Amino acid sequence: MSLDTKSISAIADRIQYAQDNAQTLNKVTDEHPAMTVDDSYAVQDELCRRWIARGDRVVGLKAGLTSKAKMDQMGVNVPCFGIQMASMACAENSVIEMDKLIHPRVEAEIAFVLKDELKGTGLTIEQVLAATDYVIPALEVIDSRYEKFKFDLVSVIADNSSSARYVTGGRPLDHHAIDLRTTGVVIEKNGEIQALAASAAVLNHPANAIIMLVEHLAARGQTLPAGSFVMTGGITEAIPVASGDNITARFQNMGSVSFRFN
Ligand code: OOG
Ligand code: MG
């Protein structure tokens, strides 16, 4: 850590304001060039304390920048993690309000719900799957609070890794029911295909995103609790959206997830 509690709190103030008011801000590293990734996770923790204080609840965590398509699109080649709150959840087929967002983009992801706690380093895919209650198709709406969606790793993490909304849908499935490595996904906007790929695009297997997340938590003296909802990262590049757009992601053998923007 390079920053004291007072600076972390001041950064959280600016980010919280930008998130709550759908306004952009300058990159946190413009003001604090020496800021580290650890400082940014401390900002996430401070944001989370504030969200809980106003009645929100932690549902789980997400991994981002876990596919080459996402890393290339954002120009950052290291995964980032973020906190998923109950208030960010939207129902399948619902209408997401555009005026609460700045410049949203959508991502198709495989989400896991755990039945057992995961902790430590060197976990295997088999251990992650054994701790998994079910997997479910998801769409994430990311909305960077930085101008033109441009950031560095430290800045994006301080902004809770661009988290804004998420929608789950399709069928919750036992992981044995599908091959989580070769599951195809297609994202459609207004009925037209925008992007497609297979789930192995995420670190060869989306469970690897959970292994990395658990290692990140272990380094901070934390674990991934039983019951956690975990998004494993966009399988394709993120798709920019506008008012009135209808979004559907179709996951092979898992069903589809849809919503629209008003
Ligand atoms: C950072 C968040 C990336 C994902 O699934 O890759 C992310 C960003 O691209 O704004 O959520
Ligand atoms: Mg994502």
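Me: Which residues come nearest to ligand 1?

Reply: Of the 16 residues around ligand 1, the nearest are Leu65, Lys70, Glu107, Ser162 and Gly234, where a residue is near a molecule if one of its heavy atoms lies within 4 Å of it. This is a predicted model, in which local features need pLDDT of at least 70 and side-chain atom pairs count only at pLDDT 80 or more, while totals for chains, interfaces and linings use all residues. Residues are numbered from 1 along each chain as its sequence is written, chains are lettered from A and ligands numbered from 1 in the order in which they are written, and side-chain values use heavy atoms, with hydrogens and water left out.

Me: What polar contacts does ligand 1 have with Leu65, Lys70 and Ser162?

Reply: Taking a polar contact as a pair of N or O atoms within 3.5 Å, a backbone N or O atom of Leu65 lies 2.7 Å from an oxygen atom of ligand 1. A polar side-chain atom of Lys70 is likewise 2.7 Å from a ligand 1 oxygen, and for a side-chain N or O atom of Ser162 the distance to an oxygen of ligand 1 is 2.6 Å.

Me: How much of ligand 1 does the protein bury?

Reply: The protein buries 100% of the 320 Å² that ligand 1 exposes when taken alone, with accessible areas from the Shrake-Rupley method and a 1.4 Å probe.

Me: Which strands and helix supply at least two residues each of its shell?

Reply: Strand E1 (58-64), helix H4 (68-74), strand E5 (105-114) and strand E6 (132-142) each do so; helices (H or I, at least four residues) and strands (E, at least two) are DSSP runs, numbered from the N terminus.

Me: OK, on to the metal. What coordinates the magnesium ion (ligand 2)?

Reply: Glu107, Glu109 and Glu140 coordinate the magnesium ion through OE atoms at 2.0 Å, and these donors follow the spacing E-x1-E-x30-E along the chain. Donors are N, O and S atoms within 2.8 Å of the metal (3.2 Å for Na, K and Ca), and since water is not among the atoms, sites may look incomplete.

Me: Are Glu107 and Glu109 buried or exposed?

Reply: Both are buried, meaning under 20% relative accessible area, with exposed over 50% and partly exposed in between (1.4 Å probe, protein chains only).

Me: Why does Asn190 count as partly exposed?

Reply: Because its relative accessibility is 42%.

How values were computed
Polar contact = N/O pair within 3.5 Å; in protein donor to acceptor, adjacent residues only side chain to side chain.
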